[in-house]
Amino acid sequence: MKKNMIAVIIAASMLAAVVTGYFAHRKMMDGEVNAAELEEYEASEEAALKNYYVVGISQFSEDDNMDICREAFVKELEQYGLVEGDNLSIRYLNADSNESKASQISDSFVADGVDLIYAIEEKSANSAYRSALGTKVPVIYSSLKDPLKDDGEEIDEAFNPYKGNITGIIEKIDVESEIAMIRKTLPKLNKLGIIYDSENDSLLPALEEYKKVAAKYGMLLYVSAVEEDSNLAEATSELASKAECICVLNDDLITENLTTVLETASKSKVPVFGSTKEQAEDGCSGAVSIDYEKLGQTCADLAAQILMGETDITELSTTEFTDSNTYNQITNY
């Protein structure tokens, strides 16, 4: 059982057991209950403590889609009889986009001996992996990049002999569906532009996929990387002068300043397509978004197997998640 939080539960249970044991003893003396019944009661108390779980959830940023993912994770666990406030305690902490804080969160989870860590987003996944190295704390993650790889290369097994206690889901943007949706909306389009935060390395695999799919559709691809919001209007204007539409990814810098991109692109009559439902609702001409609710459910399915002892985490390999939803808005372009 886990250290701090569980200690309180154990103490309370011990007190209850003492009180119950006292009255049970009185009943035994009065002939109301026998020793076998008392033994059965004590065994049930021990089983209840054994089947109590603590899950630490580390989320890197404040993000609506990540919230959906986390909430779906907790709700899906209920389908396995793991109910928060009953036999499950959820410790949720948000790093507020701070890598040092993400490390502190995962370190605290490991120090407290939680039964499992669910890490949402790449930097939380990286932190959880490092914190859990050499321990038996299992880590499930959902991320755009695999924390077991460095710049696309598999981490040396000899250097990281404990990587078997982590697995999860790699979110793969359905670029094929997005470009197909764009081509259907704008049949004559041949020049595609993408604008993104140059500091967000987790988007690099998606950019490579855009290059491949754009080539398949016979489209020219223009990419503009920005470092800060003050450069966003200028970068968007330059991109709009070359491309016939602009795509924005699930990128905090761009999403938080989406109005700037939309207004600037509109001056050149260039439509903007997004990669989340929220971006479509906020003005993009359409979007293909990862199904974050189903992503959370899928991660919970893995977590439940581990918590309930049905599967060892070393038997669960990392998989890609491509389930998506299309939001195609009416456009005047």
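Reader: How many nonpolar, polar and charged residues are in the lining of the second largest pocket?

Author: The model is predicted, and local features need pLDDT of at least 70, side-chain atom pairs count only at pLDDT 80 or more, and totals for chains, interfaces and linings use all residues. Residues are numbered from 1 along each chain as its sequence is written, and side-chain values use heavy atoms, with hydrogens and water left out. On a 1 Å grid over the protein atoms alone, a pocket is an open set of points with protein on both sides within 12 Å along at least five of seven lines, a cavity is a set where a 1.4 Å probe fits but cannot get out, and lining residues have an atom within 4 Å of a point. With Ala, Val, Leu, Ile, Met, Phe, Trp, Tyr, Cys and Pro counted as nonpolar, Asp, Glu, Lys and Arg as charged, and the others, Gly among them, as polar, the lining of the second largest pocket has eight nonpolar, two polar and ten charged residues.

Reader: Which element gives the largest share of the lining of the second largest pocket?

Author: The second largest pocket has 20 lining residues, and Leu-144, Lys-145, Ile-170, Pro-205 and Glu-320 lie nearest its centre. Two or more residues of this lining come from each of β7 (166-171) and α7 (204-216); helices (H or I, at least four residues) and strands (E, at least two) are DSSP runs, numbered from the N terminus. The largest share, six residues, is supplied by α7.

Reader: What is the volume of the largest pocket?

Author: A volume is the space filled by probe spheres set on grid points, which are joined across faces, edges and corners. The second largest pocket has a volume of about 510 Å³. For the largest pocket, the value is about 690 Å³.

Reader: Which element gives the most to the lining of the largest pocket?

Author: The largest pocket is lined by 30 residues, with Ser-61, Glu-121, Asn-200, Asn-250 and Asp-252 nearest its centre. By class, this lining holds five nonpolar, eleven polar and 14 charged residues. At least two lining residues come from each of α3 (64-78), α5, β4 (139-143), α9 (252-256) and α11 (277-281). With four residues, the element that gives the most is α9.

Reader: Which strand gives the most to the lining of the largest cavity?

Author: The structure holds one cavity of 30 Å³ or more, and the largest cavity has a volume of about 50 Å³. Leu-144, Ile-173, Asn-250, Ser-275, Val-288, Ser-289, Ile-290 and Tyr-292 form its lining, with five nonpolar, three polar and no charged residues. Three of these residues come from the strand that gives the most, β12.

Reader: Why is α4 oblique to α5?

Author: Axes are lines fitted to C-alpha atoms, for helices over the stretch in contact, and angles run from 0 to 180 degrees between N-to-C directions. Angles under 35 degrees count as roughly parallel, over 145 as roughly antiparallel, 65 to 115 as roughly perpendicular and the rest as oblique. Helices α4 (residues 99-112) and α5 (residues 122-132) have axes 8 Å apart and pack at an angle of about 40 degrees. That angle makes the relation of α4 to α5 oblique.

Reader: What is the handedness of the crossing of α3 and α12?

Author: The axes of α3 and helix α12 (residues 292-307) come within 7 Å and cross at roughly 40 degrees, and the two helices are therefore oblique to each other. A crossing is left-handed if the near helix is turned anticlockwise from the far one by less than a right angle, and right-handed if clockwise. The crossing of α3 and α12 is right-handed.

Reader: Which residues of α6 make the contact with α7?

Author: The axes of helix α6 (residues 175-185) and α7 come within 9 Å and cross at roughly 45 degrees. That makes α6 oblique to α7, and their crossing is right-handed. Contact means heavy atoms within 4.5 Å. On the α7 side the contact is made by Ala-206, Glu-209, Tyr-210, Val-213, Ala-214 and Lys-216, and on the α6 side by Val-175, Glu-176, Glu-178 and Ile-179.
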